[in-house]
Amino acid sequence: MSKAARAGLLTPHDIPQGTVRAMAAVGIIEVGHVDEIWACMPSPEEARQFELPAGVPVIVFQRIAWTTDRVVCLARELQPADRNVLLYELGDISARDRAEERK
């Protein structure tokens, strides 16, 4: 049986501990990933599934994960652009929290 099968990754289902922990439990150690984010127009099927009005794009989030020697995961997620915000917080931004507390 493959490591992916032992980790329970070959059939679609919820993985409560997440895929990274499930892979690590069978010796597949993710050491890094590359994220790509872009916007594009949805396919007709995607527009139907999201019930999007004409002209509304989707945001595509794609992550490719690596071990020290190979790709181990490709995840792609689509979200309607008119209903989502991407927010990245990097570094020490605790001053923002203190400013919010003073309000």
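Analyst: Let's start at one pair of residues: Gln62 has Arg76 in β3 as its bridge partner. This is a predicted model, so please read everything here as computed from that prediction. Now look to the other side of the sheet, where Glu36 stands opposite Gln62 in β2.

Which of the two senses do we find here, parallel or antiparallel? The pairing is antiparallel, in an open sheet of three strands with the order β1-β2-β3. The strands at the edges are β1 (32–40) and β3 (71–80), each of which pairs on one side only. Neighbouring strands in this sheet are turned by 15° against each other on average, ignoring direction.

Next, follow each pairing in turn. Between β1 and β2, which run antiparallel, there are nine bridges. Strand β2, residues 58–66, also pairs with β3 in the antiparallel sense, over nine bridges. Another pair to find on your screen is Ile64, which stands opposite Leu74 in β3. If you trace the chain from β2 into β3, you will see a hairpin, with four residues between the two strands.

Now let's step back to the whole chain. How many helices and strands does the protein have? There are four helices and three strands, and from the N terminus on they run α-α-β-α-β-β-α. The radius of gyration is 18 Å, well over the 13 Å that the globule rule gives for 103 residues, so the protein is more spread out than a compact globule. Along its principal axes, the C-alpha trace spans about 55 × 45 × 25 Å. Buried residues make up 15% of the 103 residues. The accessible surface comes to about 7800 Å², and carbon and sulfur atoms account for 56% of that.

One last stop is the nonpolar core. In soluble globular proteins, nonpolar side chains tend to be buried together. Here the largest nonpolar core has five residues: Ala7, Ala22, Met23, Val26 and Ile28.

Note on methods:
Residues are numbered from 1 along each chain as its sequence is written. This is a predicted model: local features need pLDDT of at least 70, side-chain atom pairs count only at pLDDT 80 or more; totals for chains, interfaces and linings use all residues. Side-chain values use heavy atoms; hydrogens and water are left out. Two strands pair if DSSP finds at least two bridges between them. Axes are lines fitted to C-alpha atoms, for helices over the stretch in contact, and angles run from 0 to 180 degrees between N-to-C directions. A nonpolar core is a set of buried Ala, Val, Leu, Ile, Met, Phe, Trp, Tyr and Cys residues joined through side-chain atoms within 4.5 Å. Buried means under 20% relative accessible area, exposed over 50%, partly exposed in between (1.4 Å probe, protein chains only). The radius of gyration is taken over C-alpha atoms; the globule rule is 2.2 Å times the number of residues to the power 0.38. Accessible areas come from the Shrake-Rupley method with a 1.4 Å probe; for residues, only the protein chains shown count as cover.
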